[in-house]
Amino acid sequence: MAIGPDDGRQWDTDGVQEYQAYFGTPTHDDHVLFELLTVGVFQVGLSWQAAASKIPVYRRVFAGMDPQRVAGFELEIDGDRIAHDPTMIRNGRKIRATIQNARALLQVQQEFGSFADYLWVFVNGTPLLLPAVTRDELVNQSTLGSAVAKDLKHRGFKFVGPVVTHMFLLAAGILKEQVLDE
């Protein structure tokens, strides 16, 4: 199993393995991008493994990670319903942010044709290769991540600070790291 456009009904997978296997693969698929962004939102304050392990749960509680359907959720009613799921990360702010992010994503799609088209404009359609560093020098922020985060916030996205956005861009293959000591 892997993260992909048709994974919305895959609820019995190992989210950590899926995320790790997919991480860094360039994608132009809005469903995949929404799923990766959601992992980033839920990762705030947690390890990436804790957030990624819930990918099957996100798919189940967020309507197969279909942004169109999630955008129709009621912030409070559906947010509370999701927060009461015993397998879910029960942070109401992150749950409501995911619903809001689906709404913002639909607005971006209307303006740019797709969320992917919007994101890839920032790198002129080619993954941006970050300067080579050793494993000890890896950073969790970048100029690009900060710029995209600022624009996402302006467009109504939530929980998309410079760190979340940097990691999201890495996960989506829009940013690429070069590690010298691998």
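Trainee: Is the crossing of H6 with H7 left-handed or right-handed?
Mentor: Ground rules first: the model is predicted, so local features need pLDDT of at least 70 and side-chain atom pairs count only at pLDDT 80 or more, while totals for chains, interfaces and linings use all residues. Residues are numbered from 1 along each chain as its sequence is written, and side-chain values use heavy atoms, with hydrogens and water left out. A crossing is left-handed if the near helix is turned anticlockwise from the far one by less than a right angle, and right-handed if clockwise. For H6 passing H7, the crossing is right-handed.

Trainee: At roughly what angle do the axes of H6 and H7 cross?
Mentor: Helices (H or I, at least four residues) and strands (E, at least two) are DSSP runs, numbered from the N terminus; here H6 covers residues 75-83 and H7 covers residues 92-112. Axes are lines fitted to C-alpha atoms, for helices over the stretch in contact, and angles run from 0 to 180 degrees between N-to-C directions. The two axes come within 9 Å and cross at roughly 130°.

Trainee: What does that make H6 relative to H7?
Mentor: Angles under 35 degrees count as roughly parallel, over 145 as roughly antiparallel, 65 to 115 as roughly perpendicular and the rest as oblique. With axes crossing at roughly 130°, H6 relative to H7 is therefore oblique.

Trainee: Which residues of H7 make the contact with H6?
Mentor: Contact means heavy atoms within 4.5 Å. On the H6 side you have Leu75, Glu76, Gly79, Ile82 and Ala83. They meet, on the H7 side, Ile95, Arg96, Ile99, Gln100 and Arg103.

Trainee: How many charged residues does that contact have?
Mentor: Ala, Val, Leu, Ile, Met, Phe, Trp, Tyr, Cys and Pro count as nonpolar, Asp, Glu, Lys and Arg as charged, and the others, Gly among them, as polar. The contact of H6 with H7 has five nonpolar and two polar residues, and its charged residues number three.

Trainee: Which side chain makes a polar contact with the side chain of Asp85?
Mentor: A polar contact is a pair of N or O atoms within 3.5 Å; within protein, one must be able to donate a hydrogen and the other to accept it, and residues adjacent in sequence count only if both atoms are side-chain atoms. Not counting residues up to four places away in sequence, Asp85 touches Arg60, Val61 and Arg90. The polar contact with the side chain of Asp85, at 2.6 Å, comes from Arg60.

Trainee: Over to H2: how far apart are the axes of H2 and H10?
Mentor: H2 runs over residues 30-43 and H10 over residues 162-171. H2 passes H10 in a right-handed crossing, and they pack at an angle of about 145°. Their axes are apart by 9 Å.

Trainee: Which residues in H10 meet H2?
Mentor: H2 brings Leu33, Leu36, Leu37, Gly40 and Val41. By class, this contact has seven nonpolar, one polar and no charged residues. The residues in H10 are Val164, Phe168 and Ala171.

Trainee: How many of the 10 residues of H10 are buried?
Mentor: The buried ones are Val164, Thr165, His166, Phe168, Leu169, Leu170 and Ala171. What covers them includes H1, H2, helix H8 (115-121), H9 and strand E2 (175-176). H10 is largely enclosed by the rest of the structure, because its buried residues number seven.

Trainee: How is H2 oriented relative to H7?
Mentor: Their axes come within 10 Å and cross at roughly 150°. That makes H2, relative to H7, roughly antiparallel.

Trainee: What is the relative accessible area of Met65?
Mentor: Met65 is in the loop between helix H4 (55-61) and helix H5 (67-71). Phi of Met65 is near 60°, a positive value in a residue other than glycine. Met65 is buried, and its relative accessible area is 0%.

Trainee: And what is the relative accessible area of Phe159?
Mentor: Phe159 is in the loop between helix H9 (143-154) and H10, and phi of Phe159 is near 60° too, a positive value in a residue other than glycine. Phe159 is partly exposed, with a relative accessible area of 22%.

Key. Buried < 20%, exposed > 50% of the residue type's maximum accessible area, 1.4 Å probe, protein only.
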